[in-house]
Structure formats: structure tokens, C-alpha cells
Amino acid sequence: MKRMSITEKLAVNKYELDEGHPHIEVKNEICARLCKTKACLFVCPAGVYSEQDGKIVADWAGCVECGTCRAACPEQALVWEYPRGGFGIIYRFG
Amino acid sequence: MDEKVDVIIVGAGLAGCAAALQLAREGLEVVLVERGPYAGSKNLSGGVLYGRVLEQLIPEYWRMAPVERAITREVVTFLGEDTAFNMDFRNPRLAESHNAYSVLRGKFDRWLADQCEEAGVMLVTGIKVERVLVRDGKAVGILAGEDEMLADVVILADGANSFLAEQLGLRPRFDTAHLAVGVKELIGLPRETIEERFNLSGDEGAAYGLVGYATRGVAGGGFLYTNRESISIGVVMHLDEVIEHGIKPAEVIEDFLAHPCIEPLIRGGKLLEYGAHLVPEGGLAMLPKLSMAGLLVTGDAAGLSVNNGFVVRGMDLAIASGMLAAQTVLQAREKNDFGEEAMRHYNQRMEESFVLKDMRTYAGAPAFMKNPRLYHQYPQFLSRLMSGIYQHDGQPKAHLYTLALHSLKESGLSVLDVARDGWKGVRSL
């Protein structure tokens with residue numbers, strides 16, 4: 001199999017996008033003040049988190065809803081919830 | 001809106017459906033609330049279901065259910081950098097005993113929820129439960145959006161992240177030392193290709209557990225399960241080590257798929273789905289409070305899992321816990337008492353069943369599985385030893401015993417390590 005980027009992989013998945021209702025909020029003031037590991041940047045299997053101009057940004061639309069980021073965040077700076085009912089990833093196979 | 005039903009179950013996974021089905025059959029009014037658009041749409045497992053327990057609810061379930069393949073071949077692989085050492089156990093008779101099936105939860109759970117509906121369960125999909133309503137220390141219902149719904153008992157089957165159990169203080173926020181992150185790809189391949197590649201006939205299936213290079217030496221392992229026309233493949237890694245070593249799970253699975261001993265197994269396949277799941281791996285050490293007045297906690301929400309290195313289980317424990325929760329509710333109804341003590345019968349039932357007995361039997365397994373030698377030195381040792389045995393370069397060969405000792409040394413192992421780990425393994429697995 002040829003190697004695929006994470007973006008290409010997520011493009012295979014089915015999502016019901018809840019536009020205008022992000023289910024992830026990053027409290028960047030906490031990250032900047034306290035966080036050294038920035039685990040969210042590497043632990044997320046869907047590569048949702050990136051750093052832009054010194055701030056952590058969540059591209060929440062691709063989230064596969066595992067909750068790894070929330071568990072890994074050392075400062076509880078991520079407000080990570082499930083998307084509203086009916087929205088988010090839809091596993092056809094699971 | 002103040003409706004009241006007998007039981008509200010949060011989450012239409014295996015635990016929730018098992019509880020719902022049993023209760024509805026006894027004539028109770030059951031509402032099963034699922035946040036996804038259909039049951040199974042948020043659920044992901046490896047996944048091999050050791051499903052004998054389900055037969056208590058649905059005899060010969062495999063005849064009707066969308067199971068994939070009957071597992072008749074169990075393989076444990078020690079993966080070196082570019083080598084693989086397999087322990088390959090085949091028993092075609094495992095199919096006759098219906099011991100284990102590969103399943104895809106998006107299909108399987110949906111089918112199980114259909115059985116619930118046929119039995120009279122009211123399945124409500126696309127609804128996220130925000131909170132459990134508590135009055136005077138007793139769970140009395142749920143809040144979803146603006147709507148309140150009341151019940152004698154609420155059963156939490158809301159998965160590994162169970163926000164609800166956390167809100168109620170039944171468990172702390174999980175410790176990363178008790179969690180693993182699982183990443184999975186579903187790769188489509190023609191039926192015949194799968195049967196030829198894995199040496200299977202008909203509906204037989206293979207299940208591989210892989211340690212060593214699969215996870216770049218991090219505690220955890222790889223898995224590969226054959227489905228009818230696809231392969232479930234992925235890695236599960238202990239979250240504390242992932243964080244400590246700054247490892248990207250998304251890259252680890254990509255490297256695993258490209259490993260020279262793995263790539264030929266999935267060659268020509270097409271990615272059908274990519275997903276991830278948080279796995280409660282802490283065993284008994286992470287067991288939450290399983291009950292409170294008016295409420296029971298089941299399945300992944302209760303952190304139920306057994307991993308002894310050979311077999312990774314969660315689904316069967318979830319089903320059993322759902323059934324035990326249902327039995328607890330039925331008993332409580334006889335006296336119309338759903339207080340703390342009545343609900344505590346669930347804990348007792350869990351203790352007496354294989355669920356907590358197995359978790360107790362393997363209580364030492366999570367600690368044993370953290371041994372870094374399992375993931376670095378032993379796979380290296382096996383790779384060196386086997387290469388030494390089979391490689392012939394015109395030089396005189398050493399005695400096997402000498403070769404083994406050399407391979408141990410070269411892999412950074414002492415005979416004492418092996419003896420100690422062997423002893424620990426025997427005791428904890």
C-alpha cells in the first residue's frame with residue numbers, strides 16, 4: 001500500500017460536520033503559561049492540533065472522537081466534548 | 001417535559017444494548033439513548049469478540065448477526081526491525097465452538113440495537129446526554145438538550161470517556177498510566193486474497209497480536225484481524241509512554257503498515273476507514289465506583305478490560321456487565337427499591353461473575369505488560385537467535401546453546417532477566 005498522509009486518511013471517513021459549533025476549545029492562556037509537553041500536538045491520531053503563531057489551534061472537523069487529547073493534556077487546557085448529537089464522525093465499519 | 005420510564009440507558013454499544021435487551025424482554029419500559037445517528041456509529045474496536053456470553057441473550061447469535069470471520073488461527077508475533085517471529089496456533093475446531101468472531105462495530109452494534117427495538121426498547125439516536133439528574137443523592141433521570149427524562153434507574157454505558165461517570169464523581173479523570181490509545185485502519189481486500197494470504201478456508205479468520213517493533217518499543221502492541229472482505233489493523237500504545245517519548249501514534253501505525261513483514265499482508269488493499277479509540281487498560285487499578293443510588297456503570301465506562309498479552313478483551317466484559325446490570329434492576333424492582341444498597345447488588349454480581357474474576361486473575365498483567373524488555377530486548381533476541389540458526393555463510397556454526405547465550409547478550413539481556421521475567425509472567429498472566 002502506498003503511504004498516505006493523515007489528511008488523505010481522514011478524507012476516507014464519513015463525517016456530519018456541525019458547522020459553527022466547534023466541540024473543542026483550547027485555552028491558550030493556560031497552554032502559554034503552564035504547558036511544556038504540548039502533548040496534543042503529537043498524541044492526536046487525527047492530527048487535529050497544530051501550532052500557529054505560537055497558539056494551539058484545533059482543526060476539530062477531522063476529530064475521530066477518541067478523547068486521547070483530553071486525557072493527555074497535562075494542564076486540562078482542552079475543553080473537549082462530544083459533538084452535538086448526530087454530528088461528528090460516523091463510523092460505517094468501526 | 002417530565003416523562004418517566006423504568007430505565008434509561010446511555011449509549012447503544014454492547015453493554016447498553018445487552019442491558020436494554022434483557023430488560024425489555026422482561027416487559028420493562030426502556031429508553032436507550034445514543035448520541036450517534038445510529039447505534040454503532042461512534043463505536044470502534046479492534047475487534048475480536050469472544051462472544052460466548054452473548055449466547056445467554058441470543059442463542060446462536062452468529063447465525064443472524066453480521067459477524068465477520070470465526071477465529072481459528074491465533075498468532076503472536078515478535079516483530080523485530082525487519083523480522084517477525086510467529087507463534088501460530090491453528091485449531092479449525094474453534095469455529096465449531098463459536099469461541100471468537102471478528103466484528104465491525106458499526107455493523108454489529110447496529111444489528112444488536114435492532115434486536116433491542118424488536119424487543120420493545122425505545123431507541124433514541126442523535127441525542128447527546130449532557131447530565132445525569134440527581135436528587136437527594138439519587139440518580140433520577142437525564143438531561144439532554146432542554147429535555148429532562150426521568151427513570152427509576154439510569155445505566156451508564158457511555159464508553160471509555162464516560163463524561164457522566166466523571167461528572168458524578170464515580171471516577172476521577174483517568175490517569176494516563178491506565179490508558180492506551182488505539183489507532184486502527186480498515187483495509188479492503190477481496191475475499192479470496194484474504195483467504196489465500198492467511199491460509200484460511202471459508203469463513204475462518206486469523207487474529208494476530210504483535211509486540212516489539214509494532215509500537216517502536218513502546219508498551220502496547222499491534223493487531224491484525226481478518227474480516228470477510230477487509231483487514232482490521234492497528235496499534236495500541238500506553239498513553240503515558242507515548243507522551244513521555246513524544247511519539248506520534250499516527251506515524252507509528254503508518255510505519256507498522258510499511259514493515260517488511262506486514263506490508264505483504266495488506267498489499268494492494270484500499271483504506272476504507274481510519275479511526276481511534278481510547279482503551280482503558282489499567283484493569284482493577286482503574287475500576288470506578290460501579291453503582292450509586294439509582295445508577296449503574298457498565299462496559300468501557302467502568303474501565304472493564306483484560307489484556308494478558310495473548311488475548312485482549314473488552315467487548316465480552318461489556319456484554320456481561322450490561323446483563324448483570326439488567327439483572328440487578330430486575331431484582332430491585334421486586335421491592336421497588338432502587339437505593340444505594342439495592343444497586344450495590346450489581347457490584348456483588350460483578351464480583352461473582354467472570355468479569356471481575358478475570359480482571360482479578362490478570363490483575364498483575366498491566367504492570368507486567370509495562371516491562372520494556374518485552375518490546376525491545378526480547379523481539380531483538382528472537383530475531384538474532386533465529387537469524388543465527390538459519391543463516392549459513394560458510395563459517396562453522398556455534399552450538400545452539402552458545403548461540404542463544406550470545407543472542408541474549410547482544411540484545412542486552414541476562415539469563416537472570418529471562419528467569420525473572422519468566423517467573424513474573426507465569427505469576428501474572
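**Entry 1**

I started in the loop of chain B that runs between α3 (93–96) and β6 (101–102), where B:H98 sits. I looked up its phi and found a positive value of about 50°, although B:H98 is not a glycine. I then asked how open the spot is, and B:H98 counts as partly exposed because it has 17 C-beta neighbours inside 10 Å. A reminder to myself: this is a predicted model, so I am reading computed values throughout.

I checked the confidence scores next. Chain B averages a pLDDT of 95, and 100% of the residues score at least 70. For the model I noted an ipTM of 0.97 and a pTM of 0.96.

**Entry 1: another positive phi, and a cis bond**

Which loop holds B:N336? I found B:N336 in the loop between α10 and α11 of chain B. Phi of B:N336 is near 50°, again a positive value in a residue other than glycine. Is B:N336 buried or exposed? It counts as exposed, since B:N336 has 8 C-beta neighbours inside 10 Å.

I also looked along the peptide bonds. The one from B:G46 to B:G47 is cis, and its omega is near 0°. I placed B:G47 in the loop between β2 (30–34) and β3 (48–49) of chain B. I wrote this one down because most peptide bonds are trans.

At what angle do α10 (residues 315–334) and α11 (residues 340–352) of chain B pack? The angle is about 145°, and the axes lie 9 Å apart. The crossing of α10(B) and α11(B) is right-handed.

I listed who meets whom. From α10(B) the residues include B:S321, B:L324, B:T328 and B:Q331, and from α11(B) they include B:M343, B:H345, B:Y346 and B:R349. Sorted by class, this contact has seven nonpolar, five polar and one charged residues.

I turned to helix α1 (residues 14–25) of chain B, whose axis comes within 7 Å of that of α10(B). The two axes cross at roughly 35°, and this crossing is right-handed. On the α1(B) side I noted B:L14, B:A15, B:A19 and B:L23 among the residues in contact, and on the α10(B) side B:A318, B:I319, B:G322 and B:V329 are among them. By class, the contact of α1(B) with α10(B) has twelve nonpolar, four polar and no charged residues. B:S321 and B:A325 of α10(B) turn up here, and both are also on my list for α11(B).

**Entry 2: into the core**

How many residues does the largest nonpolar core have? I read off 169, and the members with the most contacts inside it are B:I9, B:A19, B:A20 and B:V154. The largest share of this core, eleven residues, comes from α10(B).

I took a closer look at B:V154. Beyond its neighbours within four places in sequence, B:V154 is in contact with residues including B:I8, B:V10, B:V132, B:I142 and B:L295.

**Entry 3: where the chains meet**

I counted the contact between the chains: 32 residues of chain A touch 45 residues of chain B. On the chain A side, α1 (6–10), α3 (40–43) and α4 (68–72) each supply at least two residues. That side has 18 nonpolar, eight polar and six charged residues.

One residue to look up here is B:V183, found in strand β11 (residues 179–188) of chain B. B:V183 counts as buried because it has 25 C-beta neighbours inside 10 Å. Its contacts from beyond four places in sequence include A:P45 of the other chain, along with B:G234, B:P249 and B:I253.

**Entry 4: a last stop in chain A**

I finished at A:V57, in strand β4 (residues 55–58) of chain A. A:V57 is partly exposed, since 14 other C-beta atoms lie within 10 Å. Setting aside its neighbours within four places in sequence, A:V57 is in contact with A:S50 and A:Q52. From C-alpha to C-alpha, A:V57 and A:V26 are 7.1 Å apart in space, and they are 31 residues apart in sequence.

Conventions: Residues numbered from 1 in each chain as written. Chains lettered and ligands numbered in written order. Predicted model: local features only at pLDDT ≥ 70, side-chain atom pairs only at ≥ 80, totals over all residues. Axes fitted to C-alpha atoms, helices over the stretch in contact; angles between N-to-C directions. Helix = DSSP H or I, 4+ residues; strand = E, 2+ residues; numbered from the N terminus. Left-handed = near helix turned anticlockwise from the far one by under 90°. Contact = placed C-beta atoms within 7 Å. Nonpolar A, V, L, I, M, F, W, Y, C, P; charged D, E, K, R; others polar. pLDDT = per-residue confidence, 0-100. Core = buried A, V, L, I, M, F, W, Y, C linked by C-beta atoms within 7 Å. Buried ≥ 20, exposed ≤ 12 C-beta atoms within 10 Å, placed from the backbone.
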